[in-house]
Amino acid sequence: AYLEPIFSSGDIQKSMPAEAQKFTLVNSMWHSTMEGTVKNPYVIPRSQEERILPNFIEANKLLDAILKQLHQFLETKRLAFPRFYFLSNEELLEILAETKDPLLVQPHLKKCFE
């Protein structure tokens, strides 16, 4: 849920196409797993299915790689505009994801210029 709004932003998808593709893969795996869980809600039989564990291990590896690249992306933005160091990663991501709507960005600008 944390990464979904980030990678639904067109600007971030253009800036990080490989990570957006990885996220789409992980997200579709998650949704298909949850659909299977709705059909068979019993934990033990569901957890013993052949591809569940390997899929989750691979998804975790992909998510780690995505987060690493995302942090590097934020660092490049902070280097370009040092006042972004006053913002948390979440706030900076919100600004970058909502660049087309100044009203959504405005609350975060106060922190940059205090």
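**Note on the phenylalanines of this predicted model**

1. Phe 113 counts as exposed, at 52% relative accessibility. The cut-off for exposed is over 50%, so Phe 113 falls in that class. The model is a predicted one. Phe 113 sits in the segment after α7 (102-112).

2. What does Phe 113 form together with Phe 81 and Leu 109? The three make up a nonpolar patch on the surface. Their accessible area together is about 280 Å².

3. Phe 81 is partly exposed, with a relative accessible area of 33%.

4. Next, the aromatic pairs. How many does a search of the whole structure find? The search returns three. One of them joins Phe 7 and Phe 23. This pair is stacked, with 5.4 Å centre to centre and 20 degrees between the planes. Phe 7 belongs to helix α1 (residues 4-7), whereas Phe 23 belongs to helix α3 (residues 17-39). The pair therefore ties together parts that are 16 residues apart in sequence.

5. Are Phe 7 and Phe 23 buried or exposed? Phe 7 is buried. Phe 23 is buried as well.

6. Phe 81 returns here, paired with Phe 84. Their arrangement is edge-to-face: the centres are 4.9 Å apart and the planes make an angle of 70 degrees.

How values were computed
Residues are numbered from 1 along each chain as its sequence is written. This is a predicted model: local features need pLDDT of at least 70, side-chain atom pairs count only at pLDDT 80 or more; totals for chains, interfaces and linings use all residues. Side-chain values use heavy atoms; hydrogens and water are left out. Rings of Phe, Tyr and Trp (its six-membered ring) pair if their centres lie within 6.5 Å; planes under 30 degrees apart count as stacked, over 60 as edge-to-face and the rest as tilted. Helices (H or I, at least four residues) and strands (E, at least two) are DSSP runs, numbered from the N terminus. Buried means under 20% relative accessible area, exposed over 50%, partly exposed in between (1.4 Å probe, protein chains only). Patches are made of residues with over 30% relative accessible area and no salt bridge: like charges are joined within 9 Å, nonpolar side chains (Val, Leu, Ile, Met, Phe, Trp, Tyr) within 5 Å. Accessible areas come from the Shrake-Rupley method with a 1.4 Å probe; for residues, only the protein chains shown count as cover. A salt bridge is a side-chain nitrogen of Lys or Arg within 4 Å of a carboxyl oxygen of Asp or Glu.
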